[in-house]
Amino acid sequence: IVFTEYVKRELAEWLGDDKNIYVIPHGVDDIFFHEDPTAKLESRDRWSIPHDAFVVLHVGSGIERKNLPTVFATVRGLRRDGLDAWLLQAGATLTKDQIKTANSLGLDEHSVFLGQVEEKVLRSAYKASDVFCFPSQYEGFGLPVLEAMASGLPVVSSGAGGLSEVQGDAGVIVRSNDSEPYRAELHRIASDSAHRTQKARQGVERAHQFTWSRAARSTADVYRKMLA
């Protein structure tokens, strides 16, 4: 059992065929859909982020394929555009070189690095943000993209690996490792409220298709087939 057609193809290539490989996507917990109208500003106050800032969220580790330098450069580009853009990052323990890179781009006073956090804090990070940026170079599924959509965030990702299957047409896909296309897409989301609202709504609708109850039923169906 794998979670995307992309992983199925990879596994089939290693095994020589796709016999008995079943695709069952992950789900997203219902609590991510719940909107607390006070959560956004309360979280920003907790992390000393201005209420009117444009907050770019990234969730994931700091390993190379997560492509954090592109995230840093994208936020720097938005600030050069005149936006009060802030970076909020959850999940990464930054190396000295990554910290040096972020600081060299002028993000030391406009970024919050939460490190590894419990789910409650993670949900607050989603609610505190305006857009989700995920330029990962490889993902088998990409659960943060699903959580971001469920939380009502427009998503801009690389579409790498299984990401394009998860976000479908709901998110924006940038087929590049360069920060400039990401900056352009995030700038549009920041400046075009209709576009921002549309992508957020499409993301929520898309995320509703991924449920753990559906995953459980599909898994049970596979087991029944194997035991028949």
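User: Which residue meets Glu 205 in a salt bridge?

Analyst: This is a predicted model. A side-chain nitrogen of Lys or Arg has to lie within 4 Å of a carboxyl oxygen of Asp or Glu. For the side chain of Glu 205 the N to O distance is 3.3 Å, and the partner is Arg 201.

User: How many residues apart are Glu 205 and Arg 201 in helix α9?

Analyst: Both residues belong to helix α9, which covers residues 193-207. They are separated by about one helical turn, because their spacing in the helix is four residues.

User: Are Glu 205 and Arg 201 buried, partly exposed or exposed?

Analyst: Buried would need under 20% relative accessible area, and exposed over 50%. Glu 205 is at 44% relative accessibility, and Arg 201 has a relative accessible area of 44%. Since those limits leave the class in between, Glu 205 counts as partly exposed, and Arg 201 is likewise partly exposed.

User: How many residues apart are Arg 44 and Asp 130, and where does each lie?

Analyst: The two form a salt bridge with the closest N and O atoms 2.7 Å apart. Arg 44 sits in helix α2, while Asp 130 is in the loop between α5 and β4. Both residues are buried. The pair links distant parts of the chain, and the spacing is 86 residues.

User: Which parts does the salt bridge of Arg 183 with Asp 81 tie together, and how many residues apart are they in sequence?

Analyst: The closest N and O atoms of Arg 183 and Asp 81 are 2.6 Å apart. Arg 183 is in helix α8 (residues 179-191), and Asp 81 is in the loop between α3 (68-80) and β2. The bridge therefore ties together parts whose separation in sequence is 102 residues.

User: What is the bridge partner of Phe 132 in β5?

Analyst: Strand β4 (residues 131-134) has Phe 132 and Phe 134 buried on one side, with Val 131 and Cys 133 buried on the other. β4 pairs with β1 (residues 54-59) in the parallel sense over two bridges, where Leu 57 has Phe 132 as its partner. Three bridges join β4 to β5 (residues 155-157), also running parallel. In β5, the partner of Phe 132 is Val 155.

User: Which elements do the buried residues of α5 pack against?

Analyst: Helix α5 spans residues 119-128, and its buried residues include Leu 122, Tyr 126 and Lys 127. The elements that the buried residues of α5 pack against are α2, β1, β2, β4 and α6.

User: What accessible area does the nonpolar surface patch with Leu 227 have?

Analyst: Leu 227 is placed in helix α10, residues 212-227. Leu 227 is exposed because its relative accessible area is 74%, the limit being over 50%. Ile 1, Tyr 223, Met 226 and Leu 227 form the patch, and together their accessible area is about 490 Å².

Conventions: Residues are numbered from 1 along each chain as its sequence is written. This is a predicted model: local features need pLDDT of at least 70, side-chain atom pairs count only at pLDDT 80 or more; totals for chains, interfaces and linings use all residues. Side-chain values use heavy atoms; hydrogens and water are left out. Patches are made of residues with over 30% relative accessible area and no salt bridge: like charges are joined within 9 Å, nonpolar side chains (Val, Leu, Ile, Met, Phe, Trp, Tyr) within 5 Å. Accessible areas come from the Shrake-Rupley method with a 1.4 Å probe; for residues, only the protein chains shown count as cover. Buried means under 20% relative accessible area, exposed over 50%, partly exposed in between (1.4 Å probe, protein chains only). Two strands pair if DSSP finds at least two bridges between them. Contact means heavy atoms within 4.5 Å.
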